[in-house]
Every structure is written in structure tokens, then in C-alpha cells.
Amino acid sequence: MTEIKIVYFAWVRERVGVAEEIIDVPQNDLTVEALAELLSQRDEGYALAFENPKLVRAAIDRVHAKPSDMIAGAREIAFFPPMTGG
Amino acid sequence: MTTRITVRIQADAFDVADETDALNSPNEDVGAVSTFIGYCRSEGGRLNALELEHYPGMAEDEIKRVVDEACTRWPLSSASVIHRYGVMKPGDGIVFVGTASTHRAEAFAACEFLMDYLKTRAPFWKKEYRADGNIGDWVEAKSDDDAAAARWTSKT
């Protein structure tokens, strides 16, 4: 197991209930998609946050990531809704 | 061409005149400056404010990556992106994008490209504060914005 920092933004943060946390993950063979699935099983808030995977984007070490990207070696994973800046 | 790049993420308001002047300095070879300013709207009186949340660190990095991409496509002497976070009132400027080049075509195109890419790539999210006093919803991303960004991928 490896410790990894997870950060959340906007309604993903509100549904999960925390802005950031450190969790233990079986890091080496986990994709972003698999991590989201793992998180969604934690409680109702997480389940709600990840209920529609298409609406949750991710970043690995502050770079946009695809669902199939591996999180191996990452220090910080972020989950957030599609962006609405500008 | 070496492009002078300015990327700032800030809570404070920006001064459009100052930022525009900065794009044109030194100005020996600048023939064109194009700017875009995005403002907070009231949506016909429905909203009191918007709150912009951002991902500190990534917001600046990602905007720099978008500006670098613009620099590979057009010869720009300067490019600036200033994006604010926090609570905005209707009429407040949220984002300033400016480009400077020798001729107008490059400045116009790069400015539009930067804005289209920022919309879909910069990690910012808007929350509505309604005029009736309630906190409203998070603004949903528009498919139009994805389409606007995607049209640049079919061009060279």
C-alpha cells in the first residue's frame, strides 16, 4: 500500500465532503478510473460524486489525465467537474 | 521568436489599460495587439455574483501550457493571460487575454485560440449566487466550448 494525496474541487469536493485527503492505495496497477471506482465505494457522498464517471475529470500531478492513465508514482491526484473558467 | 509570456492567477481586479500597454512594450515590431476580456454577467438579473474556485498550482501550469501551444502556432511577441478567482459581481472582469504580433491575423487568431483552450483546460469552476439570496448551482460546462476548442485541432 502506498500513501497518495487526493484533492477535490467544485461539486466533487462538496459531495465528497473534504477538499483533500491522504489515502492508502495499491498503487502500482491502478488506473485513474479504478481509483475513482475505489473511492466511490467509501460512502454515499463519494458514490454521489462519482455516480456519472463521464462528468468527473482527473489530473495526475497537476496535469490533465485520462481514465485509463496509471497513477503509479504520482504524488497528487485531483478529481473535478468539467471546467467552467474564462 | 521569443515570446514575452505573462500568466497570473489572482484575486485582485486587473487594469485593462495597463495590461494592454504592457503587451505593446517594447513596441518596435508590434503592429497588432488583440485583447479579450471575459466579464461576470447577471443573467438578466438572476445572479448577484459568481464565485470562481481554482486548482492552485495547476491553474497557472495549465494556462502556461496553453500559451506555449499558442506560441508554437503563431509568431507572437507577447502573450498575457490573467485569470481571477474569488467572488465576482456582474460587470467585473474575470479573465484578460492579450496577444501582440507583427500583423493582426496572428494576434486575432492566437487570442481566440487562447480563450477557447482556457475554457476547456484551465481548472476553474463557477458557482452561482442568486439574486434571491440563495446559493445556486455550479455552472455546467457547455458542449459549445468543447466544440470551439476542437475546431483548432483540425487546423495547422
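These are my notebook entries on a predicted model with chains A and B.

**Interface**

I looked up the contacts between the chains first. On the chain A side, 14 residues are in contact with 22 residues of chain B. I then asked which elements of chain A give two or more residues to this side, and I found α1 (10-16) and β5 (76-80). By class, I noted nine nonpolar, four polar and one charged residues on the side of chain A that touches chain B.

**Sheet in chain B**

Next I traced an open sheet of four strands in chain B, with the order β5-β3-β7-β8 and antiparallel pairing. The edges are held by β5 (86-88) and β8 (135-138) of chain B; each has a single partner strand, so one side of each lacks a neighbour in the sheet.

Strand β7 (residues 124-130) of chain B runs antiparallel to β8(B), and two bridges join them. For B:K127, I recorded B:W138 in β8(B) as the bridge partner.

**Nonpolar core**

I then turned to the largest nonpolar core, which has 57 residues. The residues with the most contacts inside this core are A:V12, A:A58, A:A78, A:F80, B:A70, B:A110 and B:L114. Helix α3 (residues 104-121) of chain B gives the largest share of the core, seven residues.

Which residues does B:A110 touch, not counting those up to four places away in sequence? I listed B:A70, B:W74, B:L76, B:A79 and B:T99.

Technical notes
Residues numbered from 1 in each chain as written. Chains lettered and ligands numbered in written order. Predicted model: local features only at pLDDT ≥ 70, side-chain atom pairs only at ≥ 80, totals over all residues. Contact = placed C-beta atoms within 7 Å. Nonpolar A, V, L, I, M, F, W, Y, C, P; charged D, E, K, R; others polar. Pairing = 2+ DSSP bridges. Core = buried A, V, L, I, M, F, W, Y, C linked by C-beta atoms within 7 Å. Buried ≥ 20, exposed ≤ 12 C-beta atoms within 10 Å, placed from the backbone.
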